[in-house]
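This report describes a pair of protein chains for a reader who is new to structural analysis. The sequence and the structure are shown first, and the description follows.

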Amino acid sequence: MSETSTPILLLGKADSGKTHFSVVLIEKLKEGLSSLHLAVAPEDLTVFEEPRKAVQQGRLAPHTKTDAHGEASLPLRTAEGREVRLILPDYSGEDLKKLVSDRQVSERWLLGVRSASQWVIMIRPHLIEKNADIMTQLRNEFAPVSRDQLAPNKWNEGAWWTELLQMLLEVAGVSLMERVARPRLVILLSCWDELSFDEQNMKPRALLAERAPLFADFIDSNWEKEACQVWGVSSLGRTLSMQDSDEDYVNKGPASQGYSIQPNGKKGGLDGPILWILDEAS
Amino acid sequence: MKAACALTEYCFAPELPCHMGCDDHTKCQYWKAGSGADGPPPDASAESTSQMHGHQPFWTGRVMGLVDALPVVARNPAMLVGILGAHDAGKTSFLLGLYCLIVGGKTLGGFRFAGSYSLLAWEQLASYARYSASHPASFPPHTPDSTERVPGLLHLALRGPTGRLHDILFADAPGEWFTNWSVKADHPRAAGARWVADHADGFLLFGDSASLSGPERGTAAGNLIQLMQRVSGVLGSRPLGFLWAKSDVTIKDEIRSRVDSVRQLVHSSSFVRSVSVRDPVKHSAILDSVEHLVKLILVGNASSQIPVPSPIFPQDGFFSLRGSA
């Protein structure tokens, strides 16, 4: 039976949790804790080896080095017996930031964009700076400011993601005249466990609309409803440190501790978003 | 066989620049692969004698000029909104307020943000209004007068209630252009104002409540009335919204009614809104005025389409075939 290859375009800034998501997912697959199965042992997991060792020792993985690009190709069998190959990339979030700041889509990104019809965006809501401007909070101090007095430009989070997607869509040759059906978009709001109690009770799409409203509007305006989903994920299930091992985490092992929040708000396995992606990629 | 780049469908060198950003397309590894025999694209280790700078998008993200607006208008007939008013009337602050509201997730009635190819420019504008530890918020500085003949254009894409994508270009021009133009229609320093007047699909005209209530209010009222007269001469059937800017400031009744009488006289089908950045109650009017203008422009475009008569031949449909004889 021929195999369909599903490369994923994984987009996330530094500290967004891309590496941990992939590492824990692979552990889940290895330990048989998913309805997806590894058909055979993956050929080459080098790119995730260092992070895997850290996580299994109950520590955070070190940051992926700048310019380090790699991928792991996972031969999987779905519950229905379909053979698919999931390709998980890894790279430094700084490289993604450079894309927007330099306004250049390098060859690697260009080819990655064109080969992947499933785009996964990882955003860590807790790190998003809250928008405070004169329209949202009126204060009395207004001082005339000249252009050169201005602090260096810091993009609003929603605007940054909008610009990045606009650039990638252009490179992929996707027009926005009609709503987009391909590429499909999965937004993962990561490190769900570090959110407040109230935030954790929100549906992921609603949380995105609250933290990055411009981007939420951009995707609502431009994607078909069936082609875009917003999930929450917590790959680790708790906060880990880079220095000290969490012994309880070590004992339980990574594979059983991550979880996802489905678009409807229900908790599920970390592989949830991947199942959705593979289900529709056939 | 004509030489072509291996990246078929994406790279159209040499008619267009190399998609990978090579200075010389003939040295690009994808060109080399394509112009040879059929075969797979080269791997990354293949030697390339040309630096691939990478693909740059067609927009810079900055305020657009006519040339960089071309790809935008090529995809869709864009609506040009002329923003008219004297120096310091609040035009740029209005745009800043509009963008900040949209960033905060506000919609314009049934129209929702669908992107912008001027995000860098909008963000720079908004950065004045954002609070941070190092600086308080402020209003943007004066849009500088210049000898440019065309104003900078700010792009905004909106998805409408029917699912249609609308591209809007706001022409943000220095107030001096309009003041010059109102005095003398062919003033040498008013080329930009004339350009806006000629090409806009709709207008937002700003009355500055602050100057209309201050010590120079006599002059301000006179100037505004003069500008309104000048606009009326070129308006035609295009929609116009009259905005009382900085409406947190109260204008004396006599001045307000004088200006409004002129408006009713020369811009009889215009609509009126009171907007303010300082007064949150007036924020929704910022969104509403743009939404309303967009709707009027769309209606105007629809009704200006000329129906094409087509004869009916009941005896034989073949006679209705429209083709060259």
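A residue counts as buried when its relative accessible area is under 20%, as exposed when that value is over 50%, and as partly exposed in between. B:Cys5 has a relative accessibility of 5%, so this residue is buried. A:Cys228, at a relative accessible area of 3%, is therefore buried as well. The count of disulfides over all chains is zero. The model discussed here is a predicted one.

**Chain B as a whole**

Chain B contains nine helices and seven strands. Its length is 325 residues, of which 49% count as buried. When contacts in chain B between residues at least 6 apart in sequence are considered, 70% of them join residues at least 24 apart. On the surface, B:Val67, B:Leu70 and B:Val73 form a nonpolar patch with about 280 Å² of accessible area together. One of these residues, B:Leu70, belongs to helix H2 of chain B, which covers residues 66-75.

**The interface between the chains**

The size of an interface is often given as the accessible area lost when the parts come together. Between chain B and chain A, about 4,800 Å² is buried, 59% of it on carbon and sulfur atoms. On the chain B side, B:His55, B:Tyr131 and B:Arg159 lose the most area to chain A, and together they account for 15% of what that side buries. In terms of contacts, 47 residues of chain A meet 60 residues of chain B. Two salt bridges are counted between the two chains.

**Salt bridges**

Side chains of opposite charge can pair when their charged atoms come close. Over all chains, the count is 23 salt bridges. The table lists some of them.

| Salt bridge | N to O distance |
|---|---|
| A:Asp217 and B:Arg112 | 2.7 Å |
| A:Glu199 and A:Arg211 | 2.6 Å |
| B:Arg130 and B:Glu123 | 2.9 Å |
| B:Glu291 and B:Lys295 | 2.8 Å |

A:Asp217 and B:Arg112 also take part in a network of salt bridges with A:Arg205 and A:Asp220.

The salt bridge between A:Glu199 and A:Arg211 lies within chain A. A:Glu199 is in helix H6 (residues 197-200) and A:Arg211 in helix H7 (residues 204-211), so the pair ties together parts that are twelve residues apart in sequence. A:Glu199 is buried, at 11% relative accessibility, and A:Arg211 is buried at 13%.

In chain B, B:Arg130 and B:Glu123 are both buried. B:Glu291 and B:Lys295 share helix H9 (residues 283-303), where they are four residues apart, about one turn of the helix. B:Glu291 is buried, with a relative accessible area of 11%, whereas B:Lys295 is partly exposed at 40%.

**Backbone features of chain A**

The peptide bond from A:Arg182 to A:Pro183 is cis, with omega near 5°. A:Pro183 is placed in the loop between helix H5 (157-171) and strand S6 (184-189).

Although A:Asp15 is not a glycine, its phi is positive, at about 70°. This residue is in the loop between strand S1 (4-12) and helix H1 (18-30), and A:Asp15 is partly exposed, with a relative accessible area of 39%. A:Arg103, also not a glycine, has a positive phi of about 60°. A:Arg103 is found in the loop between helix H3 (93-102) and helix H4 (107-115), and its relative accessibility of 12% means that A:Arg103 counts as buried.

How values were computed:
Residues are numbered from 1 along each chain as its sequence is written. Chains are lettered from A and ligands numbered from 1 in the order in which they are written. This is a predicted model: local features need pLDDT of at least 70, side-chain atom pairs count only at pLDDT 80 or more; totals for chains, interfaces and linings use all residues. Side-chain values use heavy atoms; hydrogens and water are left out. Patches are made of residues with over 30% relative accessible area and no salt bridge: like charges are joined within 9 Å, nonpolar side chains (Val, Leu, Ile, Met, Phe, Trp, Tyr) within 5 Å. Accessible areas come from the Shrake-Rupley method with a 1.4 Å probe; for residues, only the protein chains shown count as cover. A salt bridge is a side-chain nitrogen of Lys or Arg within 4 Å of a carboxyl oxygen of Asp or Glu. Helices (H or I, at least four residues) and strands (E, at least two) are DSSP runs, numbered from the N terminus. A disulfide is a pair of cysteine sulfur atoms within 2.5 Å. Buried means under 20% relative accessible area, exposed over 50%, partly exposed in between (1.4 Å probe, protein chains only). Contact means heavy atoms within 4.5 Å. Buried area is the accessible area (1.4 Å probe) that two parts lose on being put together, summed over both.
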